[in-house]
Amino acid sequence: MLTEISQLDSNLLIYLNNLGNTSWDTFWLYFTEKRSHIPLMLALLFISYKLIGWQRFIVAIIVISLMAAFTDQVTNLVKHHYKRLRPCRNPEILDQIRYIAKRCSKYGYFSGHSSNSMTIAVFFSLLLKTKYPKGIILLLVWALGMGYSRIYVGVHYPGDVISGFAFGIFSGSIFYKLYAIITTKWLKLITT
């Protein structure tokens with residue numbers, strides 16, 4: 001059964017990756033770079049600060065830092081545990097995909113870009129939901145775009161991306177709960 005799932009994953013990658021063409025390559029190469037999302041991150045932080053105030057914002061920054069470290073480290077542990085070659089390192093399919101990424105590390109299960117972007121999308125959607133309930137749509141589209149960009153440039157299988165999204169949902173939810181618990185208890189201590 002795992003062989004069939006792996007083959008389905010490879011076939012889906014080949015199909016989705018080959019939908020790309022040179023007129024879109026520059027866009028997806030830019031989109032997949034983490035630094036291209038700095039303006040979005042700064043905007044989310046600014047909006048959060050304005051909405052929740054400086055005390056809760058300090059807690060949010062600490063929790064976000066812990067969340068980013070946790071998500072990134074777990075992703076790397078899983079990659080080195082499973083040692084699944086990325087498509088761009090897999091000689092069985094390399095000639096069937098459009099590999100356009102600037103670099104290709106060895107292992108890819110599961111996608112760090114997908115897990116990190118979904119973690120951020122979930123955390124900020126929960127944080128800002130009262131004032132910006134439709135913001136979740138924008139953040140989910142952004143996270144889904146990040147996942148697709150990894151398939152487009154040829155460095156992840158769809159299964160890597162879906163697993164990354166699942167872990168990102170888990171991580172973002174857990175760290176938002178941590179934020180809520182800390183701010184509820186911390187603000188009670190400060191105000192009493």
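Residues count as buried when their relative accessible area is under 20%. At 13% relative accessibility, Glu33 falls under that cut-off, so Glu33 counts as buried. Keep this in mind for the views below, which all come from a predicted model.

**View 1. Glu33 meets the side chain of Arg35 in a salt bridge.** Welcome to the first close-up. The salt bridge between Arg35 and Glu33 spans 4.0 Å, N to O. While Glu33 is buried, Arg35 is exposed, with 59% relative accessibility.

**View 2. Glu33 also meets the side chain of Arg103 in a salt bridge.** Here the N to O distance is 3.9 Å. Arg103 belongs to the loop between H3 and H4, and Glu33 to the loop between helix H2 (22–32) and H3, so this pair ties together parts that are 70 residues apart in sequence. Arg103 is exposed, with a relative accessible area of 58%.

**View 3. Asp9 and Arg84 join their side chains in a salt bridge.** The two meet at 2.9 Å, N to O. Because Asp9 lies in helix H1 (residues 2–17) and Arg84 in the loop between helix H3 (38–82) and helix H4 (112–128), the pair ties together parts that are 75 residues apart in sequence. Asp9 is buried at 11% relative accessible area, whereas Arg84 is partly exposed at 21%. Asp160 comes into the picture too: Asp9, Arg84 and Asp160 are linked in a network of salt bridges.

**View 4. Arg84 places its charged end over the ring of Tyr157.** This is the Arg84 of the previous view, now seen with an aromatic neighbour. Its charged end sits 4.0 Å from the centre of the Tyr157 ring.

**View 5. Phe167 and Phe170 form a tilted aromatic pair.** A search of the whole structure finds 18 aromatic pairs, and this is one of them. The ring centres of Phe167 and Phe170 are 6.0 Å apart, with 40 degrees between the planes. Both residues lie in helix H6 (residues 158–191), three residues apart, about one turn of the helix. Phe167 is buried, with a relative accessible area of 14%, while Phe170 is partly exposed at 44%.

**View 6. Phe167 and Phe170 belong to one aromatic cluster.**

Technical notes
Residues are numbered from 1 along each chain as its sequence is written. This is a predicted model: local features need pLDDT of at least 70, side-chain atom pairs count only at pLDDT 80 or more; totals for chains, interfaces and linings use all residues. Side-chain values use heavy atoms; hydrogens and water are left out. Rings of Phe, Tyr and Trp (its six-membered ring) pair if their centres lie within 6.5 Å; planes under 30 degrees apart count as stacked, over 60 as edge-to-face and the rest as tilted. Helices (H or I, at least four residues) and strands (E, at least two) are DSSP runs, numbered from the N terminus. Buried means under 20% relative accessible area, exposed over 50%, partly exposed in between (1.4 Å probe, protein chains only). A charge sits over a ring if NZ of Lys or CZ of Arg is within 6 Å of the ring centre and within 35 degrees of the ring normal.
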